[in-house]
Amino acid sequence: MTGNATVFEPGSYTAHAHAQASVFFGDGQTLRASGEGRVALSDHNVTNALLLEKVMLVPGCAANLVSVYETAKSLGCTVMFDEHECTVVKDSDIIMQVPVD
């Protein structure tokens, strides 16, 4: 989910697809999704972008949140973390490596 409508791939956003979906945050805040679309997740190597489907737009959400399990399952990849980076592997090929803070 994201609060930033500019991250969606052109033409992929559909308003109100999840208009009834409520998102509950740990601080007690509840926000409503206003739609969904497709987002390209990349390490600036466009040829290796991962396309995330059904990403919800939740106005007021301060961060982009991704379910690692759902992403790995839907894309058929493995996601590994260590103290320095996150690595995404598909078909024995490293398709993305990004530093973690």
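Helices (H or I, at least four residues) and strands (E, at least two) are DSSP runs, numbered from the N terminus. The structure is a predicted model, in which local features need pLDDT of at least 70 and side-chain atom pairs count only at pLDDT 80 or more, while totals for chains, interfaces and linings use all residues. Residues are numbered from 1 along each chain as its sequence is written, and side-chain values use heavy atoms, with hydrogens and water left out.

The protein chain holds one helix and eight strands. Along the sequence they follow the pattern β-β-β-β-β-α-β-β-β. The C-alpha trace spans about 40 × 35 × 20 Å along its principal axes. Of the 101 residues, 28% count as buried, where buried means under 20% relative accessible area, exposed over 50%, and partly exposed in between (1.4 Å probe, protein chains only). Among contacts (heavy atoms within 4.5 Å) with a separation of 6 or more, residues 24 or more positions apart account for 40%.

Next come the strands. Strands of a sheet pair through backbone hydrogen bonds, either parallel or antiparallel. Here two strands are said to pair if DSSP finds at least two bridges between them. Three strands make an open sheet in the order β1-β4-β5, with antiparallel pairing. β1 (14-15) and β5 stand at the edges with a single partner strand each, so one side of each has no neighbour in the sheet. Two bridges link β1 and β4 in the antiparallel sense, and Ala15 stands opposite Gly35 in β4.

The largest pocket has a volume of about 930 Å³. On a 1 Å grid over the protein atoms alone, a pocket is an open set of points with protein on both sides within 12 Å along at least five of seven lines, where a 1.4 Å probe fits; lining residues have an atom within 4 Å of a point. Grid points are joined across faces, edges and corners, and the volume is the space filled by probe spheres set on the points. The lining has 29 residues, of which Leu52, Leu65, Val66, Ser67 and Thr71 lie nearest the centre. β5 (50-57) is among the elements that supply at least two lining residues, as is α1 (68-75); β5 gives the most, with six. The lining divides into 19 nonpolar, seven polar and three charged residues.

Val66 lies in the loop between β5 and α1. At 46% relative accessibility, Val66 counts as partly exposed. Beyond its neighbours within four places in sequence, Val66 is in contact with Leu52 and Thr71.

Finally, the cysteines. How many disulfides does a search of the whole structure find? The search finds zero, a disulfide being a pair of cysteine sulfur atoms within 2.5 Å. The sulfur of Cys77 has its closest cysteine sulfur in Cys86, at 9.2 Å, which is too far for a bond. Cys77 is buried, at 8% relative accessible area, and Cys86 is buried at 10%.

Definitions and conventions: Ala, Val, Leu, Ile, Met, Phe, Trp, Tyr, Cys and Pro count as nonpolar, Asp, Glu, Lys and Arg as charged, and the others, Gly among them, as polar.
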